[in-house]
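Subject: Structure handover

Hello,

Here is the structure I promised to pass on. Please open it first, then read the notes below it.

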Amino acid sequence: ISTENKIVAPFVYTGGGHFHDSRARVKKNGRWGFIDLNGEIVIDCWYEKVDDFNELFAGVRDNGRWGFVDSNGKIVIDCVYEKISKFNEELAAVRERNRWGFIDKKGEKVIKCEYKSVKDFSEGLAPVKIKGSWGYIDKTGKLVINNIYQNAYRFQDGLAKIKIDGKFGYINKEGRLIVKPEYDKVVRMDDGKTILVCKNGFLSKHYNYLNCNGEIVAENIYR
């Protein structure tokens, strides 16, 4: 249904998703394809699984292996990978032989598959897991923030959440601690300027607010 409450796709599908890059996933007869904003099939429903479009490419699975199609349904990267992620910042994570690396939109492997786990690139850096701990690499594959974290998350506006010894904090892109890892819960607020933190467990309703320099701007706020 469109924003004008008009039916854009007939009720013939058994599954579907939201529109991304003017394409939406649909399922028919147990197989997946894509429709456009007019509800027209643009990629036939014959893939085992598909992922949403991002940066004009979508992941598709055929015969148990993943590759990528463009918005017209052309296979641009062959279905040869065990798993994949969406393209972000022109790179996508791919897994082969149970190890992860990154490819570009030409299908060239720009970072070889040697990591146990990875997360998508954001602001030029990607979290990677090395020998049980997380760090960050740049788009050349160089480790630029050492793998010292129990968990690490994507950068947003120059800061990334990290976890050490079960506690959360934030670092900047140089790896410097901005918010010490001493909190049970940290949440970056929608304004991008404040961070909600809590030391008293996940069920606590009392929080402090920090600015992006890690300084307290409001204490003991009940939510």
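Start with K167 and D184, whose side chains meet in a salt bridge at 2.5 Å, N to O. This pair links distant parts of the chain, 17 residues apart. K167 sits in strand 19 (residues 167–172). D184 is in the loop between strand 20 (177–183) and strand 21 (185–188). K167 is partly exposed at 28% relative accessibility, whereas D184 counts as buried at 12%. Please keep in mind that this is a predicted model.

How many salt bridges does the structure hold? There are 11. Two others deserve a look.

One of them joins the side chains of E48 and R61, at 3.0 Å from N to O. Again the partners come from distant parts of the chain, 13 residues apart. E48 lies in the loop between strand 4 (41–47) and strand 5 (49–50), and R61 in strand 6 (residues 57–62). E48 is partly exposed, with a relative accessible area of 22%. R61 is partly exposed too, at 25%.

The other is between E55 and K105, at 3.6 Å from N to O. E55 is in the loop between strand 5 and strand 6, and K105 is in the loop between strand 11 (99–103) and strand 12 (109–115), so the bridge ties together parts 50 residues apart in sequence. E55 is partly exposed at 24%. K105 is partly exposed at 22%. Salt bridges with shared partners also join E55, E90 and K105 into one network.

K105 has ring contacts as well. It lies over the face of F57, 5.2 Å from the ring centre. It also lies over the face of F87, at 5.8 Å. Ring pairs link F57 and F87 with F68 in a cluster.

Now the aromatic pairs. The whole structure has six. Among them, W46 and Y47 are stacked, 4.7 Å centre to centre with 25 degrees between the planes. Is each of these two buried or partly exposed? W46 is partly exposed, at 44% relative accessible area. Y47 is buried, at 2%.

F102 and F121 form an edge-to-face pair, with centres 4.8 Å apart and planes at 65 degrees. F102 belongs to strand 11 and F121 to the loop between strand 13 (117–118) and strand 14 (126–130), so this pair ties together parts 19 residues apart in sequence. F102 is buried, at 0%. F121 is buried, at 1%.

Best wishes

Conventions. Residues numbered from 1 in each chain as written. Predicted model: local features only at pLDDT ≥ 70, side-chain atom pairs only at ≥ 80, totals over all residues. Heavy atoms only, no water. Salt bridge = Lys/Arg side-chain N within 4 Å of Asp/Glu carboxyl O. Helix = DSSP H or I, 4+ residues; strand = E, 2+ residues; numbered from the N terminus. Buried < 20%, exposed > 50% of the residue type's maximum accessible area, 1.4 Å probe, protein only. Phe/Tyr/Trp six-rings, centres within 6.5 Å; stacked < 30°, edge-to-face > 60°. Lys NZ or Arg CZ within 6 Å of the ring centre and 35° of its normal.
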